[in-house]
Amino acid sequence: MGAPMTQMQLDVTSEPEVLLDRVTKTFKTDQGPIEVLTPLSLSVAAGEFLVVVGRSGCGKSTLLRLIAGLEQTSSGRILLGHEPVNGPSRERGMVFQDFTSFPWLTVAENVAFGLRLRNVADDEVVLAVTRWIAEVGLDGFANYYPGRLSGGMQQRVAIARTLANEPRLVLMDEPFGSLDAQTRWQMQDLLVRLRKTNRFTVVFVTHDVEEAVFLGDRVAVLSPRPARLLREFVVPFGTDRDRSVTKSNVFLEVEREVLMELRVR
């Protein structure tokens, strides 16, 4: 790939925001142990959008749950900044593939949920909810219940709820996987737009290589289970990108190389 694929072109700081140091994960089952992650080391810089791809069942979601603190490593360590990850924390917000809005709460109440748990002052809650509903394009829907919204709109609620808590790290587990193609493109464009005006660090899991290259600053390819890091690709488009980059020769070449890496393993 030559010059376009250099780490120096990433618009991020050199200090890791997330560090995975020789992380392993083995699940104990009645049929015996299942090794999901073999020693895996990976870092994510502050402000970086890292996308993790791999074959179905390779351990991508397990990796994300470990970073979130929803699972414990079998060995190795995970750091957020300089602090070890030992359990869930509001510093790590997660958006799942399934629609996770509380059906008995309105859009505004869903977005405010985490803020209320933290006893944030009412006026600050109102400001945050108003801001993030607008940011994700849900103006006019604040008083709607999730059951009246489309899948894409429900994921907008989930994103707004996560970002309203101002986490240091946003974890996204195939959040657009159940959406139709057109809605998926709209949601990808939303994330690109949000990154232009808000600095946040993201680890995003997907099986869609085009999505990975369009969204990511860097794409990490995992092997089949037990997962190990095969290769990393730097995507040289920065945060100021739009759908037109998907037709560029650089984009198509990165996409081709990621696909080749997945297919030959």
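**Exercise 1. Is Glu211 buried or exposed, and what is its relative accessibility?**

Solution. The model is a predicted one.
Step 1: take the cut-off, which is under 20% relative accessible area for a buried residue.
Step 2: apply it. Glu211 has 1% relative accessibility, so Glu211 counts as buried.
Step 3: look for a charged partner. Glu211 forms a salt bridge with Arg184, and their closest N and O atoms are 3.0 Å apart.
Step 4: check the partner. Arg184 counts as buried, because its relative accessibility is 10%.

**Exercise 2. Which side chains meet Arg218 in a salt bridge?**

Solution. Step 1: take Glu48. Its side chain meets that of Arg218 in a salt bridge with an N to O distance of 2.6 Å.
Step 1: locate both ends. Glu48 lies in the loop between β2 (32-45) and β3 (49-53), and Arg218 is in strand β9 (residues 218-222); the pair therefore ties together parts that are 170 residues apart in sequence.
Step 2: take Glu232. The side chains of Glu232 and Arg218 also form a salt bridge, at 2.1 Å from N to O.
Step 3: locate Glu232. It lies in strand β10 (residues 229-234) and Arg218 in β9, so this pair joins parts 14 residues apart in sequence.
Step 4: compare accessibility. Glu232 is partly exposed because its relative accessible area is 36%. Arg218 counts as buried at 6% relative accessibility. Glu48 is buried as well.

**Exercise 3. How many salt bridges does a search of the whole structure find?**

Solution. Step 1: apply the criterion, a Lys or Arg side-chain nitrogen within 4 Å of an Asp or Glu carboxyl oxygen.
Step 1: read the total. The search of the whole structure finds 17 salt bridges.

**Exercise 4. How are α2 and α4 packed against each other?**

Solution. Step 1: take the geometry. Helix α2 (residues 107-117) and helix α4 (residues 151-164) pack at an angle of about 30°, and their axes are 8 Å apart.
Step 1: classify. Angles under 35 degrees count as roughly parallel. Therefore α2 and α4 are roughly parallel to each other.
Step 2: assign the hand. The crossing of α2 and α4 is right-handed.
Step 3: list the contact. Val107, Asn110, Val111 and Leu115 in α2 meet Val157, Ala160, Arg161 and Ala164 in α4.
Step 4: sort by class. This contact of α2 with α4 has 6 nonpolar residues, 1 polar and 1 charged.

**Exercise 5. At what angle do the axes of α2 and α3 cross?**

Solution. Step 1: take the geometry. The axes of α2 and helix α3 (residues 122-135) cross at roughly 130° and come within 9 Å.
Step 1: classify. α2 and α3 are therefore oblique to each other.
Step 2: assign the hand. α2 passes α3 in a right-handed crossing.
Step 3: list the contact. From α2 come Val107, Ala108, Val111, Ala112, Leu115 and Arg116; they meet Asp122, Val125, Ala128, Val129, Trp132 and Ile133 in α3.
Step 4: sort by class. The contact of α2 with α3 has 10 nonpolar, no polar and 2 charged residues.

**Exercise 6. Why is helix α1 largely enclosed by the rest of the structure?**

Solution. Step 1: count. In helix α1 (residues 60-68), 7 of the 9 residues are buried, so α1 is largely enclosed.
Step 1: name them. The buried residues of α1 are Lys60, Thr62, Leu63, Leu64, Leu66, Ile67 and Ala68.
Step 2: look past the end. Gly69 follows α1 and has a positive phi, near 85°.

Key: Residues are numbered from 1 along each chain as its sequence is written. This is a predicted model: local features need pLDDT of at least 70, side-chain atom pairs count only at pLDDT 80 or more; totals for chains, interfaces and linings use all residues. Side-chain values use heavy atoms; hydrogens and water are left out. Helices (H or I, at least four residues) and strands (E, at least two) are DSSP runs, numbered from the N terminus. Buried means under 20% relative accessible area, exposed over 50%, partly exposed in between (1.4 Å probe, protein chains only). Axes are lines fitted to C-alpha atoms, for helices over the stretch in contact, and angles run from 0 to 180 degrees between N-to-C directions. Angles under 35 degrees count as roughly parallel, over 145 as roughly antiparallel, 65 to 115 as roughly perpendicular and the rest as oblique. A crossing is left-handed if the near helix is turned anticlockwise from the far one by less than a right angle, and right-handed if clockwise. Contact means heavy atoms within 4.5 Å. Ala, Val, Leu, Ile, Met, Phe, Trp, Tyr, Cys and Pro count as nonpolar, Asp, Glu, Lys and Arg as charged, and the others, Gly among them, as polar.
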